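Take a look at the model below.

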Amino acid sequence: MVKVLATNDLLFKKVLASEENKDILAGFIQDFFEIVPEEIIINNPYSIHDYKEIIENEEVTVLRETMRDISLSLRVEDITLELQLKQTKFFEERSLYYPFERYCQNYNNFYSNIFADKEHAKEKASGKANRYSTLKPVYTLNILGYNHFDDELPLRVFQLFDPKRRKSFEKELIKIGFFELTKENVETEYQSYWREYFLTGTVSENAPDYIKKAEAVINYVNLSKEEQKVTDALEKARATYDAQWLYAQEEAEKRGLEKGIEKGIEKGIEKGIEKGIEKGIEKGIEKGIEKGIEKGIEKGIEKGEEYLANLINRLTEENRTDEIFLCLNDKEYRKARMKEFGIL
């Protein structure tokens, strides 16, 4: 039997953005945002026709970029959900852009909160309306298929916070969450059921009914013929994308290794030359000292012989030949006579 996971684009939206599955969505919101929603408006509900049109036009790449986010409105908050299976550049920037964009879209829009139309209309008619009163908190959860943060915590939720004084805004206006499916240390039992569901398509017997229902929804045999066709096309597109991504990664590693070896050789040559020069200087100094000593000895012998010949000549001229023997055998006596005759 064909098995497709809930991380398939179509199934992700079918489970969490269908009118008939709002009980699943309500459970998901409670498990990750700790909100018990009284009523949910799905702003971009699941429709097989949207997928069919894109598949028929062979625009699967467009579908991968546009169909996986889910936008919801509650009485007090707006919520967005996104599935991101592969790491992309500027993902953190994008994860900030969408919730803040959503927050700003509600400015001066007195009908942005569907649940408060009458109240806003009355305020507007009375002239007491304030443009900022239409702004609503926006909470986002990004479900990730890879390790994004360098720790073992699967769920992270960021808010507006002053770390120095450890103070938050009175109102939790923005929450940006990341749930990494690759990490096992899940904080709550129900979040662990969701992790198991996204990774395997199955859930344990202890899971709540709404997650069991989600498991049944993605069962291939429970899909319509149209949904099966679109699901198959998406799985094929994902396999192609994964193969391209893997090839690109391997090529990048290969080129990086080649560049690294090249740079390593260059650095090695530089270091080798540097070390060679150092060693050459050391050897040169040693050889120079040896040669210098040799030359010095030679010069010294020459000078010594010259000084001794001069001394003998002077002693002979002075009729002091009897002292020649003393000069040859007594160093101190020889030195004194050389000084006497100005030879040294």
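Strand 3 (residues 78–84) and strand 4 (residues 138–144) run parallel, joined by 7 bridges. In this pair, D78 stands opposite V138 of strand 4. Strands here are DSSP runs of E with at least two residues, and helices are runs of H or I with at least four residues, both numbered from the N terminus. This is a predicted model: local features need pLDDT of at least 70, side-chain atom pairs count only at pLDDT 80 or more, and totals for chains, interfaces and linings use all residues. Residues are numbered from 1 along each chain as its sequence is written, and side-chain values use heavy atoms, leaving out hydrogens and water.

Now widen the view. The open sheet has 6 strands in the order 1-2-3-4-8-5, with mixed pairing. Two strands pair if DSSP finds at least two bridges between them. Strand 1 (41–42) and strand 5 (155–159) are the edge strands, each pairing on one side only.

Next come the helices. Helix 1 (residues 9–16) lies across strand 2 (70–73), strand 3 and strand 4. Its angle to strand 3 is about 155°. Such angles run from 0 to 180 degrees between N-to-C directions, with axes fitted to C-alpha atoms, for helices over the stretch in contact (heavy atoms within 4.5 Å). Helix 5 (residues 91–105) lies across strand 2, strand 3, strand 4 and strand 8 (174–180), at about 140° to strand 8.

Finally, find N8, in the segment before helix 1. A polar atom of the N8 side chain lies 3.0 Å from the backbone nitrogen of L10. Not counting residues up to four places away in sequence, N8 touches T231, L234, E235 and R238.

How values were computed:
A polar contact is a pair of N or O atoms within 3.5 Å; within protein, one must be able to donate a hydrogen and the other to accept it, and residues adjacent in sequence count only if both atoms are side-chain atoms.
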